[in-house]
Amino acid sequence: MLSDIVNVLADPADGSALSESDDKTRLISETGHSYDIARQGYVTLVGGRGLRHEGDSADMIAAREAFLAGGHFAPFVEAVSSAVLDVLDDAHVPDDASPVILEVGAGTGYYLSHTLDAVRGARGVGLDVSTSAAKSLAKAHPRLGCVVADAWESIPLRDASCDVISVVFAPRNPAEFARLLKPGGQVVVLTPAAGHLDELREPLGIIGVEEGKLTRLKEQAEGHLEIVGSPQPLEFAMTLDKYAIAAQVGMSPSARHITDLDERVAELSETMTVTARAHLTRLKKAE
Ligand SMILES: C[S@@+](CC[C@H](N)C(=O)[O-])C[C@H]1O[C@@H](n2cnc3c(N)ncnc32)[C@H](O)[C@@H]1O
């Protein structure tokens, strides 16, 4: 619920604190700016220039929901939740502290909901630039509040308000993440690795994952965040039927490029073994 997280949100215009109006239809900042709460329960916190990215479309979100519901990425979600628990343990966050977990580019809320189930009493901020995503995200978990905002801009949360920030296959803003982390807080990032879903690349014409993602993560973070330990490689095989394959492609950027997806999927065998590959990286504030 949005009311669980209002105290960590910030006015996108000037960073001042926000509170709910008495009738719970708006958030109002200390400086008097007002932001409507959508009837689906999310709030759009965007400064003067408005949203400059759309994020995932309604069709992509529906495809993501369908694919993730099949449980095919369970090892990824388990790894992210367990890394969040490790960060909280390492920072000695007490069990009754109601830690704040921000997920940037949270999509349907699949990962954040799982993490909130794993961390008793935690509060989740699900941030995404897509209003289609926000409609799912806002109802994904009782302890999750949803904000529509652009991760490339100033993120509308208070300084030092987050115990953990998670980013799963989504954009990163290291300077802002460093500002938002509490002392001892960390960022948990899941990035696709070269060879991810490779078996689908040729038959379907999907875009491959290029090498060097981890190098870019490190370079991009420089001066703001530094990698803790070694990135953890994750790799597992999935048995996907045609429905799951179509959903996987439909939720990815490839959806925008492949015009004859149905025909291509129809030519595949009934099920395929497809390999998922990623790296899980923890980062802390640079010293
Ligand atoms: C590949 S999806 C990953 C979604 C989710 N983390 C998951 O793995 O199920 C990327 C998500 O990032 C969002 N996104 C893209 N650009 C963004 C931006 N600039 N700010 C916030 N969210 C963004 C998209 O709308 C989409 O929901």
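A residue counts as near a molecule if one of its heavy atoms lies within 4 Å of it. The exercises below apply this to a predicted model.

**Exercise 1.** Find how many residues surround the ligand, and sort them by class.

Solution. Step one is the count: 20 residues surround the ligand. The closest are Asp56, Gly105, Asp128, Asp150 and Ala151. Step two is the sorting: this shell divides into 11 nonpolar, 4 polar and 5 charged residues.

**Exercise 2.** Identify polar contacts of the ligand, using a limit of 3.5 Å between N or O atoms.

Solution. Start with the oxygen side: an oxygen atom of the ligand lies 2.9 Å from a backbone N or O atom of Asp56. Next, take nitrogen: a polar backbone atom of Val129 is 3.2 Å from a nitrogen atom of the ligand. Asp150 uses its side chain, where an N or O atom is 2.7 Å from a nitrogen atom of the ligand. Finally, turn to area: the ligand taken alone exposes 600 Å², and the protein buries 91% of that.

**Exercise 3.** Locate the ligand and describe its pocket.

Solution. The ligand sits in the largest pocket, whose volume is about 1,300 Å³. Of the 50 residues lining this pocket, the closest to its centre are Asp56, Arg64, Phe169, Ala170 and Pro253. Elements that give two or more residues to the lining include helix 2 (58-69), strand 5 (100-104) and helix 9 (242-250). By class, the lining has 28 nonpolar, 12 polar and 10 charged residues.

Key: Residues are numbered from 1 along each chain as its sequence is written. This is a predicted model: local features need pLDDT of at least 70, side-chain atom pairs count only at pLDDT 80 or more; totals for chains, interfaces and linings use all residues. Side-chain values use heavy atoms; hydrogens and water are left out. A polar contact is a pair of N or O atoms within 3.5 Å; within protein, one must be able to donate a hydrogen and the other to accept it, and residues adjacent in sequence count only if both atoms are side-chain atoms. Accessible areas come from the Shrake-Rupley method with a 1.4 Å probe; for residues, only the protein chains shown count as cover. On a 1 Å grid over the protein atoms alone, a cavity is a set of points where a 1.4 Å probe fits but cannot get out, and a pocket is an open set with protein on both sides within 12 Å along at least five of seven lines; lining residues have an atom within 4 Å of a point. A molecule sits in a cavity or pocket if more than half of its atoms lie within 2 Å of its grid points. Ala, Val, Leu, Ile, Met, Phe, Trp, Tyr, Cys and Pro count as nonpolar, Asp, Glu, Lys and Arg as charged, and the others, Gly among them, as polar. Grid points are joined across faces, edges and corners, and a volume is the space filled by probe spheres set on the points. Helices (H or I, at least four residues) and strands (E, at least two) are DSSP runs, numbered from the N terminus.
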